[in-house]
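Please look over the sequence and the model, then read on.

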Amino acid sequence: MSEPATNIGAKVAQFPRAAALAEKEPPFIRVEGVTKRFGSFTAVSSVNLEIRKGEIFSLLGGSGCGKTTLLRMLAGFEDPTEGRIFIDGQDMTDLPPYERPVNMMFQSYALFPHMTVEKNVAYGLKHMDMTASQRADRVREMLALVQLSDFSHRKPHQISGGQRQRVALARALAKQPKLLLLDEPLAALDKKLREATQFELMDIQDKTGTTFIVVTHDQEEAMTLSSRLAVMDKGRIMQTGTATEVYEYPNSKLVAGFIGSINFFEATIRDVRDDVATVDAPELGATVEARAIPGLSPGQPITLAIRPEKLTISRSKPEGPNAISGKVRDLAYFGKDSLYRIELPSGRVLSINSVNSRRVGENERVADWEDAVWLSFDPSSAILLKD
Amino acid sequence: MNRRPVFLITMLCFGFAFFYIPIISMMVYSFNGSRLATVWGGFSTKWYISLLSNRQVLKAVILSLEIAVLSATVATILGTMAGIAMARFKRFRGRTLFSGLVTAPLVMPEVITGIASLMLFILMAEYIGWPATRGFTTVTLAHITFSMVFVTTIVHSRLVQADEAIEEAAMDLGSRPWQVMKDITLPVISPAILSGWLLAFTISLDDVVITNFTTGPGTTTLPILIWSKVKLGVTPDINALATITVVIVGIGVFTAGWLLNRAEKRRELDIQLAYQANQ
Ligand SMILES: Nc1ncnc2c1ncn2[C@@H]1O[C@H](COP(=O)(O)OP(=O)(O)O)[C@@H](O)[C@H]1O
Ligand SMILES: [Mg+2]
């Protein structure tokens with residue numbers, strides 16, 4: 001993508017290896033047409049995924065959309081009703097969990113309460129062909145990796161929630177699985193710890209090179225952590241891509257609305273020329289230009305979507321094709337940026353996020369309550385959505 | 001702290017008095033020097049000494065202990081398996097019926113269980129020729145059937161509280177189902193299994209009704225012996241015998257309760273610590 005880098009784009013740049021691998025290697029994990037039904041209820045519906053070696057891949061979606069069920073099929077706890085799962089070229093679909101080169105970090109951590117931290121981490125190693133001293137070395141190495149060397153003789157109930165989370169991670173990594181599955185790994189931690197742990201998790205992934213699949217319902221977490229992500233809804237994968245792709249080029253209203261905030265307007269296509277579509281948007285009170293998507297024809301109803309930070313606010317009418325007039329209804333000052341709620345002549349209210357790049361006094365703001373203002377946006381920033 | 005309601009305390013005292021005064025007076029009178037059960041003749045341990053030299057009594061005590069140990073052990077094995085099946089296999093056909101059938105004997109009048117067991121043994125003897133006579137085997141079998149239910153209930157409730165994910169985690173780390181059972185499930189529920197055994201043991205040890213139905217000539221357990229002796233009048237040696245029974249049963253019940261309670265306390269503490277750690 002040659003789009004101007006956004007704050008999200010900067011985060012993606014943290015994954016040079018995954019990006020480099022992207023083109024060369026065949027997919028490491030392949031999920032082919034996997035469906036899971038519980039009785040007549042379809043929890044996961046015809047899911048196709050291709051995940052590359054060394055990726056952190058996120059499954060993002062609201063509660064009950066089938067993320068855990070998909071993860072459990074990868075781990076071998078549920079049999080797909082239809083479809084097949086391949087890891088490193090091998091068909092895993094019919095293998096039990098104890099024969100898969102896959103380990104899982106459970107949402108509840110699922111530490112063995114009657115074993116010490118050390119024994120928990122060592123548990124999976126007893127099934128591996130290793131000498132006792134190799135095992136001890138591996139356990140020590142894992143505990144060092146998650147910074148728990150001093151807690152090796154404690155029982156799970158004698159350590160904090162954050163430490164328990166790291167024991168669960170060390171235990172799942174000890175066998176050096178080809179694939180690590182993490183079910184809401186940070187959900188049980190408080191906000192501050194969660195942010196610190198996100199980076200720790202990325203660091204550990206980088207050190208071990210293990211392929212991670214992370215389930216989360218938190219879009220910021222998914223965007224921070226992952227090289228690529230899939231947005232799920234009602235058992236289906238709605239869109240797969242990098243954080244930038246999914247944020248800047250959503251393929252549906254659902255994905256656009258789920259990731260970040262956005263303004264939607266009902267509109268009609270007037271004309272399409274090359275990669276620019278002219279769109280009548282009565283709610284905006286204007287005819288505007290937007291980047292075209294394939295398969296548009298004049299007269300077609302469409303949804304126009306604009307993210308709040310893609311709009312520019314000014315007092316005088318700006319140059320360019322996309323200028324809209326309105327009135328400031330609400331204004332919230334957050335320091336680094338401000339959120340405006342602008343009422344349009346049609347009565348619709350629209351959100352704008354404006355970075356406060358200059359230091360100004362109380363009475364020098366761009367706009368104040370009840371002020372008449374102009375809004376503008378670049379045609380390439382406007383998103384057209386067919387559904 | 002609020003004030004303890006006086007009414008409740010009073011009722012509790014009456015309740016305890018009603019329940020324990022007869023037992024305590026029985027225990028006191030077992031040390032009675034007089035032959036007359038109701039007249040105090042000074043402190044003496046002679047009834048205990050005479051019990052020790054009474055071969056009939058010793059035989060009954062040993063028989064009772066043998067039956068109790070054997071039936072409690074078998075009941076614990078079967079009851080644990082039933083408890084695990086009920087707690088872990090969520091979707092097998094007829095599960096509701098199965099759990100209903102397993103727990104129904106809990107509320108079944110003992111007389112019914114006794115008659116039913118007797119009928120079964122008579123029919124079995126008639127059609128398959130085993131057990132040919134009633135005695136040790138039949139009593140043990142009957143005890144297994146009705147004490148197993150208690151083990152099942154205790155194990156089941158413990159397993160329902162335990163996080164099933166720990167068993168999945170063990171399997172995920174490479175353990176086959178039997179290894180998961182050995183490494184994770186059984187250690188986690190071991191306090192429940194132990195207290196189930198103790199409960200089954202004490203239930204068997206003091207049972208009169210079902211034993212009465214299923215026993216045969218020459219197989220006299222301790223409670224049956226006491227029962228038949230009492231018919232000839234309450235004597236101090238019966239008090240001594242009963243006191244011994246009460247002490248054994250009391251230790252069993254107390255230990256079972258203590259084990260369960262301790263496991264419960266520990267779990268609560270874990271939860272509390274986990275909660276604090278997340279603050
Ligand atoms: N074993 C099961 N039996 C029946 N329904 C299930 C089972 N497991 C999950 N479901 C249902 O499947 C749906 C998806 O569940 P899940 O994968 O846990 O969602 P998520 O992890 O995205 O919150 C839910 O509606 C849930 O009730
Ligand atoms: Mg889930």
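Contact here means heavy atoms within 4.5 Å. Helices (H or I, at least four residues) and strands (E, at least two) are DSSP runs, numbered from the N terminus.

This is a predicted model, in which local features need pLDDT of at least 70, side-chain atom pairs count only at pLDDT 80 or more, and totals for chains, interfaces and linings use all residues. Residues are numbered from 1 along each chain as its sequence is written, chains are lettered from A and ligands numbered from 1 in the order in which they are written, and side-chain values use heavy atoms, with hydrogens and water left out.

**Chain B overall**

Chain B has 11 helices and 0 strands. Its C-alpha trace spans about 70 × 65 × 35 Å along the principal axes. Of its 279 residues, 40% count as buried. Buried means under 20% relative accessible area, exposed over 50%, and partly exposed in between (1.4 Å probe, protein chains only). Take the contacts in chain B between residues at least 6 apart in sequence: 69% of them join residues at least 24 apart.

Helix α3(B) covers residues 55–88, and α8(B) covers residues 177–205. Axes are lines fitted to C-alpha atoms, for helices over the stretch in contact, and angles run from 0 to 180 degrees between N-to-C directions.

| Helix pair | Angle | Axis separation |
|---|---|---|
| α3(B) and α8(B) | about 140° | 8 Å apart |
| α3(B) and α6(B) | roughly 40° | within 5 Å |

Angles under 35 degrees count as roughly parallel, over 145 as roughly antiparallel, 65 to 115 as roughly perpendicular and the rest as oblique. So α3(B) is oblique to α6(B). Helices α3(B) and α8(B) are therefore oblique to each other too.

Handedness needs a rule. A crossing is left-handed if the near helix is turned anticlockwise from the far one by less than a right angle, and right-handed if clockwise. The crossing of α3(B) with α8(B) is right-handed. On the α3(B) side, the residues in this contact include S64(B), A68(B), A72(B) and I84(B). On the α8(B) side, they include M181(B), G196(B), W197(B) and F201(B). By class, this contact has 13 nonpolar, 7 polar and no charged residues. Ala, Val, Leu, Ile, Met, Phe, Trp, Tyr, Cys and Pro count as nonpolar, Asp, Glu, Lys and Arg as charged, and the others, Gly among them, as polar.

The crossing of α3(B) and α6(B) is right-handed. Their contact has 18 nonpolar, 10 polar and 2 charged residues.

**Two sites in chain A**

S152(A) lies in the loop between α5 (132–145) and α6 of chain A. Is S152(A) buried or exposed? S152(A) is buried, at a relative accessible area of 10%. Leaving aside residues up to four places away in sequence, S152(A) touches T116(A), V117(A), E118(A) and L143(A).

T68(A) sits in helix α3 of chain A. T68(A) is partly exposed, at 31% relative accessible area. Its C-alpha atom is separated by 14 Å from that of N103(A), 35 residues apart along the chain.
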